[in-house]
Amino acid sequence: MNALLPPPSVLSSGIPTVLGSNFLSAPASNLNEPTTTIVPTIQNIVSTISVGCKLDLKKIALKARNSEYNPKRFAALIMRIRVPRTTALIFSSGKMVCTGAKSETESKLAARKYARIIQKLGFPAKFMDFKIQNIVGCADIQFIVRLESLHTYHTRFCSYEPEIFPGLIYRMLQPKVVLLVFVSGKVVITGAKTREEIYEAFNNLYPILRSFKNSYLTYYAH
């Protein structure tokens with residue numbers, strides 16, 4: 001459905017809008033508010049690499065510490081290291097997924113360490129095709145958000161079914177990320193390839209969230 005949507009134009013205030021007569025815009029009084037000083041925190045970075053050779057996962061599981069392999073439950077071997085604190089999913093094809101890093105540098109360092117561990121076990125492993133696949137960030141905007149109203153005004157971009165999931169799912173087109181907005185003011189951003197996309201998406205959405213701030217509930221929440 002999102003593929004049929006026109007791309008949003010970004011106003012000088014950084015607010016994504018839809019060009020169309022059916023779109024209900026946010027209250028005009030909030031459009032010129034200054035951008036926030038809140039900076040999202042990076043919570044997880046998912047990267048992939050290839051070691052360039054086939055792997056015997058049973059052999060790795062028997063010889064490597066902090067690893068587990070149960071092919072009946074999952075096709076990959078799970079390996080963990082403490083510094084940086086990460087988890088790797090290692091496949092027999094030589095592909096690897098690294099999760100849990102808090103920065104791009106940490107993710108690359110961890111992936112190199114996993115490749116080195118496999119190398120020491122006798123495999124001709126290399127460090128190839130490192131790529132960041134997903135960056136997850138979060139922020140607390142510190143006010144209550146009227147999610148029902150936000151969904152009504154931005155229905156083309158978001159879905160909200162509180163009986164199934166407590167957060168509103170906002171699918172931004174530029175940058176192409178997904179934001180989970182909770183009534184408490186917590187925001188989770190996922191699907192980014194760079195941290196700049198995390199910051200851009202949050203700065204785009206923040207003025208919109210300000211438009212749906214519930215001042216009454218904010219007062220009593222504190």
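This is a predicted model: local features need pLDDT of at least 70, side-chain atom pairs count only at pLDDT 80 or more; totals for chains, interfaces and linings use all residues.
**View 1. The cis peptide bond between V83 and P84.** Here the bond joining V83 to P84 is cis, and its omega is about -10°. To find your way around, look for the loop between β5 (77-81) and β6 (86-90), which holds P84.

**View 2. The cis peptide bond from Q174 to P175.** Omega is near 0° for this bond, which leads from Q174 into P175. P175 sits in the loop between β10 (168-173) and β11 (176-181).

**View 3. N66, a residue with positive phi.** Phi of N66 is about 55°, a positive value, although N66 is not a glycine. That is worth a close look because most residues other than glycine have a negative phi. You will find N66 in the loop between α1 (57-63) and β4 (67-68). Is the residue buried or exposed? N66 has 53% relative accessibility, so N66 counts as exposed; the cut-off for that class is over 50%.

**View 4. D129, a strand residue with positive phi.** D129 is a residue other than glycine, and its phi is positive, near 55°. The relative accessible area of D129 is 56%, so D129 is exposed, again by the cut-off of over 50%.

Technical notes:
Residues are numbered from 1 along each chain as its sequence is written. Side-chain values use heavy atoms; hydrogens and water are left out. Helices (H or I, at least four residues) and strands (E, at least two) are DSSP runs, numbered from the N terminus. Buried means under 20% relative accessible area, exposed over 50%, partly exposed in between (1.4 Å probe, protein chains only).
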